[in-house]
Amino acid sequence: MSDTTNLLLSVTSKEALAKRKAREFREGIIQILLAIAAVSSVLVTIGIMEVLVGESWKFFTNPELKEVGIDNIFADFFNLVNPQWTVLFEEKHFGILTLLSSTLLTSFIALVVAIPIGTTVAIFLSEFAIPSVREALKPILELLAGVPSVVFGYFALNVISPLIRSFNQDIPGFNRLSAGIVIGIAIIPIISSIAEDAMRAVPNQMREGSYALGATRLNTAINVVLPAAFSGIVAAYILGVSRAVGETMIVAVAGGLQAIYSWNPLEGAATISAFIVQVSLGDIEFGSLEYESIFAAGLTLAIITLALNLVGFFLIKKYKETY
Amino acid sequence: MTNEMPDLVDIQVIRRGIKSRKRMDNIFIGVGLGSLAFSLGVLLVLIGKLLVEGGKRLFGQGIAGLWNFLTSVPDSNPEVAGIKIAIIGSFCVILLTAIIAVPLGIGAGIFLEEYAGRGDLPIPFPKWMSNIIEINISNLAGVPSIIYGLLAMGLFKYQLRLGETIATAGLTLALLILPIIIVTTREAIKAVPQALREGVYAIGASRWQMIWDHILPASAGGILTGLIVGLSRAIGEAAPLVTIGALTFITFPPPFPFSPKLVGEGLHGPFDWLFSPFTVMPIQVFDWVSRPRPEFSVVNAGAAAVVLVVMTLSMNALAIYLRIYFRKRVKW
C-alpha cells in the first residue's frame with residue numbers, strides 16, 4: 001500500500017516533471033535527426049537535377065558552339081535525319097540519336113531475351129512451384145542479380161561475342177547483339193521478381209473459381225492470373241527496360257565505344273551511358289564542350305528512365321489498389 | 001466450322017481433352033524449369049569461364065602465385081600485376097559508404113514508417129512532405145548508376161572540390177545505395193505487428209524507447225539483409241566511379257592513419273586516406289578487360305573478376321541465408 005502512495009507522490013513531484021521534460025526534449029531531438037535523414041534523400045534528387053540541368057544549360061548556351069561551326073545546337077542535337085555524334089573529333093556534331101540508336105537497340109535485344117524467360121520463370125514460381133520449391137529456386141535469380149555488371153561485360157566480350165562470331169567470322173568482336181543479350185540476362189531477375197509479386201497478389205478465389213470450372217494450372221495462369229496481374233507484369237517490363245537503358249558497364253566493355261548511327265545489331269555500340277564512360281576515361285577539361293556534352297547526354301538518359309519509372313510505379317500502384 | 005457438334009457425352013473425347021491439357025501443363029513445367037536452368041546455366045558458365053581463364057593467373061603457380069596476385073601492385077607485366085591496391089581501395093570506399101549510408105538509410109526508413117504521417121508527433125511533420133519523400137525515394141531507386149557518376153563528377157569532384165578521392169567515391173556509392181537501404185528498412189519495420197507497438201506504449205514507453213528497444217531488435221534481420229544487399233551492390237559498381245577518374249594507375253595504397261609519410265617529414269593525419277587517390281575492384285576488372293592483350297583482357301581480368309564475384313556473391317548468399325534464418329525464427 002505504501003508503495004502505491006510513494007508512486008503517486010513521485011509522479012507529481014518536481015523531479016518526475018523534470019524527467020518528463022527531459023524525455024520530451026530527447027524525443028524531439030531524435031525526431032529532428034531522423035527527419036534530417038529522410039529529407040537528405042530529397043537533397044540527392046535536387047543535387048542530381050542541379051548538376052544535370054545546370055551543366056546541360058551551359059552546354060546548350062555555350063558560345064564555343066559557334067566556333068566549331070554549329071549555329072543551331074538544338075537542330076544538331078535533335079537531328080533525326082542524319083545524326084552524328086563526333087564530340088571527341090575535330091569537327092563536332094552532337095546528334096543524340098546516334099547514341100540513342102545504340103541504347104534503344106541493345107535494350108530491345110535485352111527485352112527479347114528477358115521477357116520470355118522472365119515471364120516464364122515468374123509464372124512457374126508463382127503458379128506451379130510449391131512454396132518449398134520456390135524458396136529453393138529463387139536464390140538462383142538473386143545470385144544472378146548479384147553479379148557485378150562489369151563482370152557481365154567480361155562475359156559478353158569473352159563468352160557471348162565469340163559464340164556469335166563462331167557462326168560468322170565477319171561479325172566484329174564488339175557488337176550490340178552480345179551486349180544486348182547479356183543485358184537481357186542481367187535484367188531477368190528484375191522482370192521475374194516484379195512479375196511474380198504481381199501474380200501472387202491476385203487473390204486465390206479467382207484461381208479457385210477457375211479450377212472449379214475444370215481449368216488446369218496452365219489454363220488458370222494464362223486466362224485468369226495473367227490478365228488479372230496485367231498492370232503489374234507490364235510494370236515489370238517497363239522497369240526492366242528502364243534498367244536496360246541505363247546499363248553502363250556491359251556496353252562499355254562489350255560495345256567497343258563506337259558512336260555509329262545505325263540500327264544494325266551487329267555493329268559496334270556506344271550507348272549514352274557508355275559514351276559518358278568513354279569521355280570520362282580521357283583527360284577532359286572542366287567546363288569544355290566535351291565535359292558539358294556528357295551532361296546533356298546524361299539529362300536525356302535521366303528523362304527517359306524517369307518517364308519509364310513513373311509509368312512503372314503508377315502501374316504497380318494500380319494493381320496494389322485493385323487487390 | 002462443321003455443323004456437327006462434337007458429342008460431349010462421349011467420354012473418350014473428354015478424356016482426350018483432359019489428357020492433352022494435362023500434357024500442356026507438364027510441358028509448361030518443363031519450360032519453366034528450363035528457363036530457371038538457363039539462368040542457373042548462365043551463372044555456372046560465367047563462373048566456369050572466370051575460373052578457367054582467371055585460374056591461369058590465380059592457381060597457375062600454386063599458392064605462391066595466388067598470394068602474389070592478391071598482394072602485388074598493378075604492373076605492365078601481366079604475370080606480376082596484382083590487385084592489392086584495388087582490394088584495399090574497395091575496402092576503404094565501402095567502409096566510408098557504410099559509415100554514411102547505414103545511419104542515413106536506417107534513420108530515414110524509421111522516420112518514414114514510425115513518424116511520417118502520424119498525428120501524434122512531438123513536432124508536427126506535414127503530410128505533403130512525407131509524400132514527396134516517398135515518391136522521391138522510389139524514383140531515386142530507378143536512377144541509373146551512371147547518373148550518380150555525373151552527380152559525383154559535377155558536384156563532388158568539381159563544385160565541392162573533393163577531387164578524385166576515396167571521399168568522393170564513398171559519398172557517391174552511399175547515395176547510390178541509400179534507396180535500397182531505406183526501402184528494405186521500411187519493409188522490415190512494416191512486418192512488425194501493430195500489437196507490439198501498442199503493448200509497449202501501454203507500459204509507458206516513449207516513441208523512441210519503443211523503436212529502439214522493440215521495433216529495431218524485431219526487424220534487425222530484415223534491415224541487416226538490406227544492408228548487405230546494398231553494400232554488395234556498392235562493391236560491384238564501376239560506372240559511377242569511372243566518371244570521377246578512378247581509372248588511374250596507382251601503385252601505393254591510401255595512407256594508414258598515423259603512418260610515417262613517404263615524402264617529407266612527420267606522420268599522416270587520421271583522415272588522410274579519405275583524400276587520397278584510389279582504385280577499386282570493379283574498376284581494376286574494367287581497366288584490364290579493356291586492354292588489347294589477352295593476358296590482361298582475358299586472364300588477369302578473369303582472375304580479378306573471380307575475386308570480385310566471390311566478394312559480391314558471398315555477401316548475397318549471406319543475405320539470402322539471413323533472410324531465411326530470421327523468417328524461420330520470427331513467427332508473428
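**Exercise 1.** How many residues does the contact take from chain B, and how many from chain A?

*Solution.* Start with the ground rules. This is a predicted model, where local features need pLDDT of at least 70, side-chain atom pairs count only at pLDDT 80 or more, and totals for chains, interfaces and linings use all residues. Residues are numbered from 1 along each chain as its sequence is written, and chains are lettered from A and ligands numbered from 1 in the order in which they are written.

Next, the term: two residues are in contact if their C-beta atoms, placed from the backbone, lie within 7 Å. Chain B supplies 78 residues and chain A supplies 74. On the chain B side, helix 1 (residues 11-58) gives the most, with 18 residues. Helices here are DSSP runs (H or I, at least four residues), numbered from the N terminus.

**Exercise 2.** Find how far helix 13 of chain A is covered, and name its packing partners.

*Solution.* First, the cut-off: a residue is buried if 20 or more other C-beta atoms, placed from the backbone, lie within 10 Å of its own. Helix 13 (residues 272-281) of chain A has ten residues, and seven are buried. Among them are Ile272(A), Phe275(A) and Ser280(A). Then look for partners. In chain A, the buried residues pack against helices 5, 11, 12 and 14. In chain B, they pack against helix 5 and helix 9.

**Exercise 3.** Which domains divide chain A?

*Solution.* Domain 1 spans 2-61 and domain 2 spans 73-322; these bounds come from an automatic or database domain assignment. Their centres, taken over C-alpha atoms, are 39 Å apart. Each domain gives eight residues to the contact between them.

Key. Helices (H or I, at least four residues) and strands (E, at least two) are DSSP runs, numbered from the N terminus. A residue is buried if 20 or more other C-beta atoms lie within 10 Å of its own, exposed if 12 or fewer, and partly exposed in between; C-beta atoms are placed from the backbone.
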